[in-house]
Amino acid sequence: MRGRLDRKDLAKYPFLKEAQEWVSGRTGSLPEFFSSNYGRIAARHAVERIREAMEGGRPPAPGPERLDPDREVYAYAIARVLVSCTKDRLLMDRLSRYEAERAARYLADEQPEKRALVAEGVGMPAEAGDLPVVQYVELASHLKDDRWRLVNREVEKGHVALGDGDLPDLTAERIRILLFSQLPLPVPPAICELLSPLAAEITAAQQQYLLREFGSVEEGAFPPCIRVLTTAITSGANLSHSGRFALTAFLHNIGMNPLQIMELFARAPDFDAGKTQYQVEHISGRSGTEYTAPSCATMRTHGICTGRDGLCTQVSHPLSYYRARKRMGKQGDGSADRAPDQPAGSGHGADEGEKGQQVGKTRVPRERQGKPNQEDDKDEQARSTGEDIQ
Amino acid sequence: MKPATLEFVKQQFSEYYRRSRISVPPGLEQREWGFIFLDPDPQKTAMRRHLAFGTRGEVTEYLRTLVPAHAFYSAAYYAAPAASTMGEKGWTGADLIFDLDADHLMRGPYDRMLARVKEETEKLLAMLTDELGFHRRDLHLVFSGGRGYHIHVRDLAVRGWGSQERRELVDYVCGTGLDPRAVLGHAPTRAPGWKGRYMRAVREYLMWLGGPGREEAMAHLTAYEGVGKEGAARLMEDLDRVTSSLEAGDPGPLLQYRAFRTIAAAGTGKLSELVRAGAALADEPVTTDTKRLIRLPTSLHGGSGFRVTPLDLSDLGGFDPLVDAVVFGDRKVRVDLSLKVTMPLLGSTHALEKGPATVPEALAVFLCCRGIAEIAGGGRG
């Protein structure tokens, strides 16, 4: 016997085809919709949804009895239209993450038949068994925990064995990837024009958020790997291409402008103003591509992940480290100034617990991935553009 | 490289390109190309890149006219491969590449390195097909012309993958990131993949620990940072019990020992060696770089003069690079060696002293390309 999804279910899983069909059948023309009272209210909810997604907290998942199906499905759809209009990849990423996590919260308490229907709707198996290697890697490569690494799985004849506990996380990841891959939606310019006040509001809120997250540059909160690079440059060492790239991109990402970055590089005895300016401007986006600092994994690949400390074991990106450290500093936890003197943690075993606690007092975001895929790609891309082999 | 030597190598390469059929990769017009030219100054290795060709004829013409020392094309497919920035190129995907280079495995005589890297390649091919499930028809094996092999995986399902997805595969074949708690679960030694390999490595390690020489074992254990005398002694006392539990499918007792966990996580030492022996040690950055330039099969490697040789998977066993990748003949050439060399080539072993010598043309090309000989005074003898 197969279950069916009712309207309350669609409120919980508004990305399902059924939900979108249901809305699109009832909306009429978009300009009319947005000028109606109902449309305006729905748009407000959409803005709220994006704000919540931007803050990156745990999405609220009120009980089904408190869900208004219309409101949820519309807010979901309008939020996606809005972020598409902003053309901001970061927002699209955050919103997709938010939606996936929200759905996962509902799925956790769902009856098996309904869970199976949702899984099927996003192209996932309903129950444990195995997944083809390709599909598994596409999902698991974005999940941080070591247990997801392919090397730690049972792999045979092109299939990866799954346990019962694996499916919820993989399904959530599948939803995230699916939703992100559909963005930006092809929204007609006229609609974006109509929504431009809301889009402006979102952009302003995001500016504020970024300012709050990164604020002024605090060298004391730099992760050890970046500190090593800045020290190296100040002491006149020659940085490798990947080191120079990582440092420049990091400084750019935390809000230093090209001139400030140049000043730092100018401390090096072999400072070449013209060359440095070119590199800095290239990495900060003048060439049309804005680069993001490499993830911890990429730093390790290039052998520039150095001086790992306790906090490093909890993040997968130097920017996450910086954010977390800054937040700790703000909360009056003296740890911001504490030297990162823990030995390179093995990461295994219960004994690691004490190390974790030092930073455990403050909430370290469980940053599963930042946007490592793109980061890695861009990093590799920069590496192979050939500046280093001219 | 002296002008006469450079002229000699260029002439040999030119002859090869004139008489040979050059292969080109599928998706030719979406590939970027790059070339490095012969230069008297070995420090000057400028690559001319961001080039694109529409037909095999154009590629062949380029090689015949300009006679580069090294020829590469992009593993990536681009909308506009000749554009000068990555943004404008428009990346649309890339072949999945594995690079096995003896340099990363061992030091030693060239022929020994080649033999060692061949074993590694065989392990890698087995993992790619039996475990990861790639079709043999999608795997393209190439002798690199240097000290290793390249495997080009042309499977549409992975063409669009980014670095992160590719990293999962290269970490898998290299055994990077193995977590004992995850792989030592109820795994019999015959279990497929890493469960079995890791289990076998750990069992062998425990047997090695329990072998003759407790002093030696203690010294080994306590050499790890974080393993104290007491912890090591406790593990040694309990060795039989944890081994039999492990054999019975319960790694719990072993994993309780902090000493073992520390050693398993260390990445160096005996256990790590045993684990790595089961791995196929491919060069990680090559696989994760989605814009890599890779040597053109059927071109010549300017550092050896050997042919970058495409191989059928089934031919790997019988392939001898020092015979099968050699494209030059045995006309006599006078060279001047800068050091003493013993080198097997085309079935005979050449033991050469420092100084002038007359050698077969193929060996002369190799020695000149390696930078250990120059063409002697009057050129060809």
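Two strands are said to pair if DSSP finds at least two bridges between them; helices (H or I, at least four residues) and strands (E, at least two) are DSSP runs, numbered from the N terminus. The legends below describe a predicted model, in which local features need pLDDT of at least 70 and side-chain atom pairs count only at pLDDT 80 or more, whereas totals for chains, interfaces and linings use all residues. Residues are numbered from 1 along each chain as its sequence is written, chains are lettered from A and ligands numbered from 1 in the order in which they are written, and side-chain values use heavy atoms, with hydrogens and water left out.

**View 1. An open sheet of 3 strands in chain A.** The strands follow the order S1-S3-S2, and their pairing is antiparallel. A:Asp130 is placed opposite A:Ala161 of S3(A).

**View 2. A hairpin formed by S12(B) and S13(B).** Strand S12 (residues 341–345) and strand S13 (residues 348–352) of chain B run antiparallel and are joined by 5 bridges. B:Thr342 has B:Ala351 in S13(B) as its bridge partner. The hairpin has 2 residues between its strands, and B:Leu346 in the turn shows a positive phi of about 50°.

**View 3. The largest nonpolar core, with 191 residues.** A nonpolar core is a set of buried Ala, Val, Leu, Ile, Met, Phe, Trp, Tyr and Cys residues joined through side-chain atoms within 4.5 Å; buried means under 20% relative accessible area, exposed over 50%, and partly exposed in between (1.4 Å probe, protein chains only). B:Phe98 and B:Val173 touch the most other members of this core. Helix H5 (residues 69–86) of chain A makes the greatest contribution to this core, with 10 residues. Domain 1 (7–124 + 164–207) and domain 2 (129–162) of chain A both supply residues, so this core lies between them; the domain bounds come from an automatic or database domain assignment. A second, separate core has 28 residues, among them A:Cys225, A:Leu247, A:Val280 and A:Ile283.

**View 4. The surroundings of B:Val173.** Contact means heavy atoms within 4.5 Å. Leaving aside residues up to four places away in sequence, B:Val173 touches B:Phe98, B:Leu124, B:Met127, B:Leu132, B:Trp194, B:Ala279, B:Ala280 and B:Ala282.

**View 5. A:Val118 in helix H7 (residues 112–121) of chain A.** A:Val118 counts as buried because its relative accessibility is 0%. Its contacts include A:Tyr13, A:Phe15, A:Leu16 and A:Leu107, not counting residues up to four places away in sequence. From A:Val118 to A:Gly310 the separation is 192 residues in sequence and 39 Å in space, C-alpha to C-alpha.

**View 6. A:Asn253 in helix H13 (residues 241–253) of chain A.** With 18% relative accessibility, A:Asn253 counts as buried. The side chain of A:Asn253 reaches the backbone nitrogen of A:Ala293 at 2.7 Å. A polar contact is a pair of N or O atoms within 3.5 Å; within protein, one must be able to donate a hydrogen and the other to accept it, and residues adjacent in sequence count only if both atoms are side-chain atoms.
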